[in-house]
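This report goes through selected parts of one protein model. Keep the structure open while reading.

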Amino acid sequence: MSSNNENLAIQRIAKLVDENSFMEIGSLVTARSTDFNLTAAKTPSDGVVIGHGLIDGNLVFIYSQDASVLNGTIGEMHAKKIASVYDMAMKMGAPVIGLIDCGGIRLQESVDALDGFGTIYAKEVAASGLVPQICGVFGNCGGGLSVVPALCDFAFIEEKKGRMFVNAPDAIEGNNTEKCDTASAAFQSENNGCVDFVGSEDEIMEQIRQLVCMLPSNNEGDVYTDDCEDDLNRACESMENMKGDPRYLLSQISDYNTFFETKADYAKNMVTGLIKLNGMTVGAVANCSEVYDAEGKKAESFDKSLTAQGCNKAAEFVQFCDAFSIPVLTITNVNGLKNCMCSEKKLAKALARMTYAFSNATCAKVNLITGEAYGSAYVFMNSKSVGADLVYAWSGAKIGAMDSTLAAKIMYPEAGADEIKQKAADYEKLQDSAASAAARGYVDRLIDPADTRKYLVAAFEMLYTKYVSEPEKKHGTK
């Protein structure tokens, strides 16, 4: 039995995978329950199409929900089909991709459906760190189902029809959809920290294809996913002029200027994403103080400070990279910690989480200091103190406890302007420059901005065989 919406579920898969590569399995499965007039005739494939296919030759396992079958609700067999996708993916060491369009729990199956939700969650947890998990939201994804994309490594949402929520906008006290549509793609991408990209259905499929081709297939896969013909010694001009926007820096140094940004609309003062260096996939975490549009004009600006949202975003991304042995590059340009009442409630825990992620990660870690690196904020950002394997700095970078003028005023509170100026110059030379940090071993090399690509390629090539013997413990607690 087929329907237009079922065809839509299959059509989404066809858009995603290589032509004629999808093989459906479990197409004869139907609901077992017959309560409340529920019959097999009403549940073709039990509302979800599952199978395996290829993306640019890479094996992937897929489930795509069929909203024409009881609004795509999840029942017992529906959940078992999704669980079977995870079982196969973990056996074969291949990514799982979920295409979500679901009305939530199937009321006719009650506790059987609830058990199905729990089964899906458990499979996601079991697969976490073993194979990449990716989902796209093309319709409703509400209530308990909203945890599914949150448990995935990457989530995409269709800009018009995609709806993600724990509680519907009209169910929130004092709110309604017209006042604030908390289920919209825009709201979710900016606020919940789960969404990586918002766009049309076709754009999402292209983004997922690009992502799959950049990631290792599993936690034992190779980070060399491409051949590289881009010049490894290619000079990157104008880097220093754009250091406030790391998206520009990362695209400049990457093979063929490829930069795949994650969670682009969330915590914009911290940029995360994937680049390529000599065919090797590298995760990037960078402070951001400026955003430039396609015409090169400044569109947004931020303080050079760490925020709770930014730290949590960075920590989660570093943990993902470490799980799949993807090397991590940090670009540091920060001068402090966010100072406001909201930050005071959340920042210490977020800083701890990010510091833990950097320090605990055993993957290759390189830090590039491009501008300011002041105070404890510098330490948190993958400094050598917390475990960076190599630290490079642009020759004009500032590294120290604080700005030299402010330090001089604190140390010499009675001094006049001329003396403060002189003391600040002395402090900058002795304690507040990249050269002084390098003299103490905290920076491994001072480099010219235009030479950034060649030095980073060499750094990660050298670190490719890095091995760390971890201490005997079950796991950490952050």
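This is a predicted model: local features need pLDDT of at least 70, side-chain atom pairs count only at pLDDT 80 or more; totals for chains, interfaces and linings use all residues.

Strand 18 (residues 365-374) and strand 19 run parallel and are joined by 4 bridges. In one of these pairings, Leu-368 has Tyr-392 of strand 19 as its bridge partner. Strand 19 also pairs with strand 21 (residues 445-447), again in the parallel sense, over 3 bridges. Here the bridge partner of Ala-393 is Leu-446 in strand 21.

Strand 19 (residues 390-394) is mostly covered, with 5 of its 5 residues buried. In a regular strand the side chains alternate between the two faces of the sheet. In strand 19, Leu-390, Tyr-392 and Trp-394 point one way, while Val-391 and Ala-393 point the other way, and all are buried.

An open sheet is formed by 7 strands in the order 1-2-3-4-5-7-9, with mixed pairing. Its edge strands are strand 1 (23-25) and strand 9 (197-199), each of which pairs on one side only. On average, neighbouring strands of this sheet are turned by 20 degrees against each other, direction ignored.

Helix 6 (residues 201-214) packs on this sheet. The strands that helix 6 touches are strand 2 (48-55), strand 3 (58-65), strand 4 (96-100), strand 5, strand 7 and strand 9. The direction of helix 6 makes about 165 degrees with that of strand 7.

How many residues of strand 4 are buried? The count is 5 of its 5 residues, and the strand is mostly covered. Val-96, Gly-98 and Ile-100 point one way from strand 4, Ile-97 and Leu-99 point the other way, and all are buried.

Strands of a sheet pair through backbone hydrogen bonds, either parallel or antiparallel. Strand 3 and strand 4 run parallel and are joined by 4 bridges. Ser-64 has Leu-99 in strand 4 as its bridge partner. Between these strands the chain passes through helix 2 (residues 76-92), and this β-α-β crossover is right-handed.

Strand 4 also pairs with strand 5 in the parallel sense, over 5 bridges. Within this pairing, Ile-97 stands opposite Ile-134 in strand 5. Strand 4, helix 3 (residues 110-127) and strand 5 form a right-handed β-α-β unit. Strand 5 (residues 133-137) is in turn joined by 4 bridges to strand 7 (residues 154-158), and the two run parallel. There, Val-137 stands opposite Ile-157 in strand 7.

## Helix 7

Why is helix 7 described as largely enclosed by the rest of the structure? Helix 7 (residues 246-253) has 7 of its 8 residues buried, so it is largely enclosed. The buried residues are Pro-246, Arg-247, Leu-249, Leu-250, Ser-251, Gln-252 and Ile-253.

## The loop at Asn-278

Asn-278 lies in the loop between strand 11 (270-277) and strand 12 (280-287). Which side chain makes a polar contact with the side chain of Asn-278? The partner is the side chain of Glu-461, at 2.7 Å.

Apart from its neighbours within four places in sequence, Asn-278 is in contact with Tyr-224, Cys-228, Leu-232, Asp-255, Val-457 and Glu-461. Glu-461 is therefore listed both as a contact and as the polar partner, where a polar contact requires a pair of N or O atoms within 3.5 Å.

Notes
Residues are numbered from 1 along each chain as its sequence is written. Side-chain values use heavy atoms; hydrogens and water are left out. A polar contact is a pair of N or O atoms within 3.5 Å; within protein, one must be able to donate a hydrogen and the other to accept it, and residues adjacent in sequence count only if both atoms are side-chain atoms. Contact means heavy atoms within 4.5 Å. Two strands pair if DSSP finds at least two bridges between them. Axes are lines fitted to C-alpha atoms, for helices over the stretch in contact, and angles run from 0 to 180 degrees between N-to-C directions. Buried means under 20% relative accessible area, exposed over 50%, partly exposed in between (1.4 Å probe, protein chains only). A crossover is right-handed if, with the strands pointing away from the viewer, the path from the first strand over the helix to the second runs clockwise.
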